[in-house]
Amino acid sequence: MREERSEVEQQRVEEQLERIAQRVRVCTRCDLWRTRTQAVPGEGNPRAEVMFIGEAPGYHEDQQGRPFVGAAGQYLNELLQRAGLRREEVYITNVVKCRPPGNRDPLPDELAACAPYLDEQLEVIRPRVIVTLGRYSMSRWFPTEKISRVHGQARRVGNYLVVPMYHPAAALHQPALKELVEKDFEKLGEIISQARAETAAMPDDAPQEKPQQMRLF
Ligand code: URA
Ligand code: SF4
């Protein structure tokens, strides 16, 4: 977890995330609001260094209003352990915040309508590492890449280190992928340690935090 934010800043981050979540819960920007039980804004540690971004809520997520709580979520919890992470220290969300009926793939207009919420969550949390789960979140940063070619490889995009991963549900449905996914998550642990060492040497938060501190004190 990141320690460089003051308590006051931390409080602001939490409030900003809650305001985003409140807007997501009543959002009608695309038609998915008509069939959802509950929107799933995302959850996790506001101090998260690592943000996991999946595709869209499934049945259980839609029922509970929480991300990755079904079978794929159980498996994700195991994978997090392999990376040396606890669920409580990361932030988990999806590119689309409401369940597509029958778990169909999200449509381009739904992805576009929902994207600003993820943008805001990223701006507020400012993770060091973004882990994309599946092709819809991958294509946000690497629109032309193939997951079979780039899975598990970290690339710097601006201030973020982005690591595309296979979706945990894909590994559950295709046993041949399981070993690959588990290795990728083990490697993720090392990638995160490296990212920490880099930012310790050169803090990327400085430009954005100075003005906030000046306003506060
Ligand atoms: N699959 C996803 O992509 N997201 C969830 O929240 C659950 C399953
Ligand atoms: Fe709004 Fe996103 Fe839900 Fe569509 S999927 S209604 S854009 S929160």
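Q: Which residues surround ligand 2?
A: In this predicted model, local features need pLDDT of at least 70 and side-chain atom pairs count only at pLDDT 80 or more, while totals for chains, interfaces and linings use all residues. Residues are numbered from 1 along each chain as its sequence is written, chains are lettered from A and ligands numbered from 1 in the order in which they are written, and side-chain values use heavy atoms, leaving out hydrogens and water. With a residue counted as near if one of its heavy atoms lies within 4 Å, ligand 2 is surrounded by C27, R29, C30, L32, W33, R36, V96, K97, C98, A113, C114 and Y117.

Q: How many residues in the shell around ligand 2 are charged?
A: Asp, Glu, Lys and Arg count as charged, Ala, Val, Leu, Ile, Met, Phe, Trp, Tyr, Cys and Pro as nonpolar, and the others, Gly among them, as polar. The shell around ligand 2 has nine nonpolar residues and no polar ones, and its charged residues number three.

Q: Where does ligand 2 sit?
A: A cavity is a set of points on a 1 Å grid over the protein atoms alone where a 1.4 Å probe fits but cannot get out. A molecule sits there if more than half of its atoms lie within 2 Å of the grid points. For ligand 2, the place is the largest cavity.

Q: Which residues does A56 touch, beyond those up to four places away in sequence?
A: A56 is in the loop between β2 and α2 (59-64), helices being DSSP runs of H or I with at least four residues and strands runs of E with at least two, numbered from the N terminus. Contact means heavy atoms within 4.5 Å. On that basis A56 touches N94, V96, C98 and P100.

Q: What is the phi of F68 near?
A: F68 lies in the loop between α2 and α3 and is buried, at 6% relative accessible area. Its phi is positive, in a residue other than glycine, and is near 50°.

Q: What is the phi of N103, about?
A: N103 is in the loop between β3 (91-94) and α4 (108-125). At 43% relative accessibility, N103 counts as partly exposed. Although N103 is not a glycine, its phi is positive, at about 60°.

Definitions and conventions
1 Å grid on protein atoms, 1.4 Å probe; cavity = no way out; pocket = protein on both sides within 12 Å on 5 of 7 lines; lining within 4 Å. Buried < 20%, exposed > 50% of the residue type's maximum accessible area, 1.4 Å probe, protein only.
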